[in-house]
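This briefing looks at how charged side chains pair in a protein model. The sequence and structure come first, followed by notes grouped by topic.

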Amino acid sequence: MTISVAETVALDIERKAIKHCARRNRLHSWLTWIYCGMFLMSFASFYAFWYTDTFSDYVLAQMKLRNGSRAFDWWQHPPIKIEYRIHLFNYTNVKEFEAGAARKLRVQELGPYVYRETKNRVNVVMHENDTVTFQEERSYEWIGGRPENDIVVMPNMPLLFATAFVRDLSFTVRFVTNTVLSTLQERAFISETVGGFLWGYDTRLFHIAKPLIMLERDIPFDKFGLLVTVRIISQKDFQYEQLSFFHKCV
């Protein structure tokens, strides 16, 4: 039996058409199954989200602090670091002002002094009633800007605090305070490094006044500084109620 060239070409075209139709049918079948699967998954997710507590229970379970979990590590050691850019005013003509040669004080703005804050939660205690008690510890590291060993002239803050504190007290207290200040020869302006002014420097007036102040409140630092109180471990215990969004002191 002899097959012509035209018939051979027609048979090839027919076979290719059959294969193409078969592939297209398989593709349509797969797409149909995929669409059906996506619809069923969407319907199941919609039903679970709106008509069951599965999703909310999962979210709350992830929010609950468990020792050793990633959420607990992030909560205890927050990965976000806050940067502070601090500017100070340096008094440049104090001697002339005290001598009467200048009528006004002149100031020079210095900065920024850039510090990075690292916050940690320490002394963490997990309780059986789903609460956590802890203390907060903050540390600050100089990371840039002007050097913190710059020498600046600024008001003597302990002296200002002492005079303001005794201003409305009895004459005897004011007299004793003035006598002590005269003996110590405290000046209205002092020179100190920027790091000392911010994080603490030695002053005799503060060491003398500290025992008296501690009769009313606790002072957990040994040096006076503008920001020394934010660098120490908090003296209060904080209680965190898990699965809630607020903190309160106890």
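The model is predicted. A search of the whole structure gives five salt bridges. Side chains of opposite charge can pair when their charged atoms come close.

**Pairs between strands β2 and β3**

- Arginine 138 and glutamate 117 form a salt bridge, with their closest N and O atoms 3.3 Å apart. Glutamate 117 belongs to strand β2 (residues 107-126) and arginine 138 to strand β3 (residues 131-145), so this pair ties together parts that are 21 residues apart in sequence.
- A salt bridge also joins arginine 121 and glutamate 136, at 3.9 Å from N to O. Because arginine 121 lies in strand β2 and glutamate 136 in strand β3, the pair ties together parts that are 15 residues apart in sequence.
- Glu117, Arg121, Glu136 and Arg138 are linked in a network of salt bridges.

**Burial within the network**

- Glutamate 117 counts as buried, because its relative accessibility is 6%, under the 20% cut-off.
- Arginine 121 is buried at a relative accessible area of 9%, and glutamate 136 is buried at 13%.
- Arginine 138 has 27% relative accessibility and so counts as partly exposed.

**The pair of arginine 146 and aspartate 150**

- Arginine 146 forms a salt bridge with aspartate 150, and their closest N and O atoms are 2.9 Å apart.
- Arginine 146 counts as partly exposed at 34% relative accessibility, whereas aspartate 150 is buried, with a relative accessible area of 13%.

Definitions and conventions
Residues are numbered from 1 along each chain as its sequence is written. This is a predicted model: local features need pLDDT of at least 70, side-chain atom pairs count only at pLDDT 80 or more; totals for chains, interfaces and linings use all residues. Side-chain values use heavy atoms; hydrogens and water are left out. A salt bridge is a side-chain nitrogen of Lys or Arg within 4 Å of a carboxyl oxygen of Asp or Glu. Helices (H or I, at least four residues) and strands (E, at least two) are DSSP runs, numbered from the N terminus. Buried means under 20% relative accessible area, exposed over 50%, partly exposed in between (1.4 Å probe, protein chains only).
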